[in-house]
Amino acid sequence: MAADFKGKVALVTGAATGIGRATAILLGQRGASVAVVARDPGKAGAVVDEICAVGGAAAFIAADMRSPDDIARMVRQTVETFGGLDCAFNNAGVNGVSAPFHEQTLEEFERVVQINLTSVFLCMQHEIRHMLDAGGGVIVNNCSGAGLIPAAGLPQYTAAKHGLLGLAKVAAKEYADRNIRVNSICPGVIDTPMMRAHLGQDAATIDALVAQLPGKRMGSPEDIARAVVWLCSEDAAYVSGDTMVVDGGLMAH
Ligand SMILES: NC(=O)c1ccc[n+]([C@@H]2O[C@H](COP(=O)([O-])OP(=O)(O)OC[C@H]3O[C@@H](n4cnc5c(N)ncnc54)[C@H](O)[C@@H]3O)[C@@H](O)[C@H]2O)c1
């Protein structure tokens with residue numbers, strides 16, 4: 001039976017598009033009240049509408065992951081709006097500018113680390129403070145295959161995503177006896193706006209990539225959403241500190 005999130009409150013960052021959007025919608029379909037966190041209301045508003053259309057509850061919460069104040073307010077506003085916070089999916093991220101290692105700039109390194117790693121550290125701190133008071137909760141951080149193996153040309157992305165695994169493992173150990181679970185998900189090649197921007201418009205390039213994937217297809221945002229929702233569910237009650245790879249066999253070794 002599909003996991004039931006009735007009475008639960010979930011927060012999803014980067015929820016306007018891609019994996020975040022699919023996860024917010026699935027959590028809403030399963031009964032959660034969902035804080036749809038994004039920088040602006042345009043596409044996020046459509047996600048809220050989609051959740052409400054299936055009878056769920058959702059609210060847009062504005063937050064830029066570069067702002068520590070926004071992150072603090074995001075958690076506060078979620079709790080004020082829905083009366084709690086049971087599950088958080090820290091998903092927002094950027095890909096970074098691809099360049100040889102020795103040509104990467106400090107500015108670009110710091111930009112990507114701030115959005116992909118520092119912001120998640122801050123999200124986790126605020127989420128955990130609430131969950132400690134509330135008696136428990138679940139956090140999933142969106143990492144990447146690049147958290148486990150290098151993405152050539154993207155040292156800033158690779159370093160940030162490797163760092164995320166460390167954050168989740170430390171928190172999983174520290175709070176296991178306080179009923180807080182923390183896990184990481186590592187998507188493979190997923191068909192989202194970020195991946196499309198990375199690949200460009202050339203159909204031959206995309207076809208060549210797809211041909212190299214074990215299942216001859218990219219993952220869908222929903223493939224990742226289902227795994228995140230499982231990690232958030234009671235079915236995963238004893239899963240914490242884990243790194244779940246969802247890549248259709250790409251990194252199997
Ligand atoms: N698509 C893939 O193949 C893939 C693979 C591995 C990991 N990921 C990870 O999945 C996550 C989601 O990416 P996606 O593929 O769904 O792409 P996406 O571009 O659709 O989603 C990223 C989201 O993060 C938001 N975001 C970016 N900077 C932000 C900021 N400063 N403040 C608030 N929000 C911000 C964007 O607006 C967007 O909605 C990212 O963390 C990415 O690293 C994606």
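**Helix packing and ligand contacts**

Helix 1 passes helix 8 in a crossing that is right-handed. This comes from a predicted model. Helix 8 spans residues 221-232. The axes of helix 1 and helix 8 come within 8 Å and cross at roughly 50 degrees. That angle makes helix 1 oblique to helix 8. On the helix 1 side, the contact is made by Gly18, Ile19, Ala22, Thr23, Leu26 and Leu27. Helix 8 contributes Pro221, Glu222, Ile224, Ala225, Arg226, Val228 and Val229. By class, nine residues of this contact are nonpolar, two are polar and two are charged.

Helix 1 also packs against helix 2. Helix 1 covers residues 18-29, and helix 2 covers residues 41-53. Their axes lie 9 Å apart, at an angle of about 25 degrees. Angles under 35 degrees count as roughly parallel. Helix 1 and helix 2 are therefore roughly parallel to each other. Their crossing is right-handed. Arg21, Ala24, Ile25 and Gly28 represent helix 1 in this contact. They meet Val47, Glu50 and Ile51 of helix 2. The contact of helix 1 with helix 2 holds four nonpolar residues, one polar residue and two charged residues.

A further pair is formed by helix 4 (residues 106-134) and helix 5 (residues 155-175). These helices pack at an angle of about 15 degrees, and their axes are 8 Å apart. Helix 4 and helix 5 are therefore roughly parallel to each other. The crossing of helix 4 and helix 5 is right-handed. Helix 4 supplies Glu108, Phe109, Val112, Val113, Asn116, Leu117, Val120, Phe121, Met124, Ile128 and Leu132. From helix 5, the residues in contact include Pro155, Gln156, Tyr157, Lys161, Leu164, Leu167 and Tyr175. By class, the contact of helix 4 with helix 5 has 18 nonpolar, three polar and two charged residues.

The ligand was examined next. There are 27 residues around the ligand. Of these, Thr17, Met65, Asn91, Tyr157 and Thr192 come nearest. Tyr157 also belongs to the contact between helix 4 and helix 5. Threonine 17 reaches the ligand through its side chain: an N or O atom there is 2.7 Å from an oxygen atom of the ligand. In glycine 93, a backbone N or O atom lies 3.3 Å from an oxygen atom of the ligand. In glycine 188, a backbone N or O atom lies 3.2 Å from an oxygen atom of the ligand.

Conventions
Residues are numbered from 1 along each chain as its sequence is written. This is a predicted model: local features need pLDDT of at least 70, side-chain atom pairs count only at pLDDT 80 or more; totals for chains, interfaces and linings use all residues. Side-chain values use heavy atoms; hydrogens and water are left out. Axes are lines fitted to C-alpha atoms, for helices over the stretch in contact, and angles run from 0 to 180 degrees between N-to-C directions. Helices (H or I, at least four residues) and strands (E, at least two) are DSSP runs, numbered from the N terminus. Angles under 35 degrees count as roughly parallel, over 145 as roughly antiparallel, 65 to 115 as roughly perpendicular and the rest as oblique. A crossing is left-handed if the near helix is turned anticlockwise from the far one by less than a right angle, and right-handed if clockwise. Contact means heavy atoms within 4.5 Å. Ala, Val, Leu, Ile, Met, Phe, Trp, Tyr, Cys and Pro count as nonpolar, Asp, Glu, Lys and Arg as charged, and the others, Gly among them, as polar. A residue is near a molecule or strand if one of its heavy atoms lies within 4 Å of it. A polar contact is a pair of N or O atoms within 3.5 Å; within protein, one must be able to donate a hydrogen and the other to accept it, and residues adjacent in sequence count only if both atoms are side-chain atoms.
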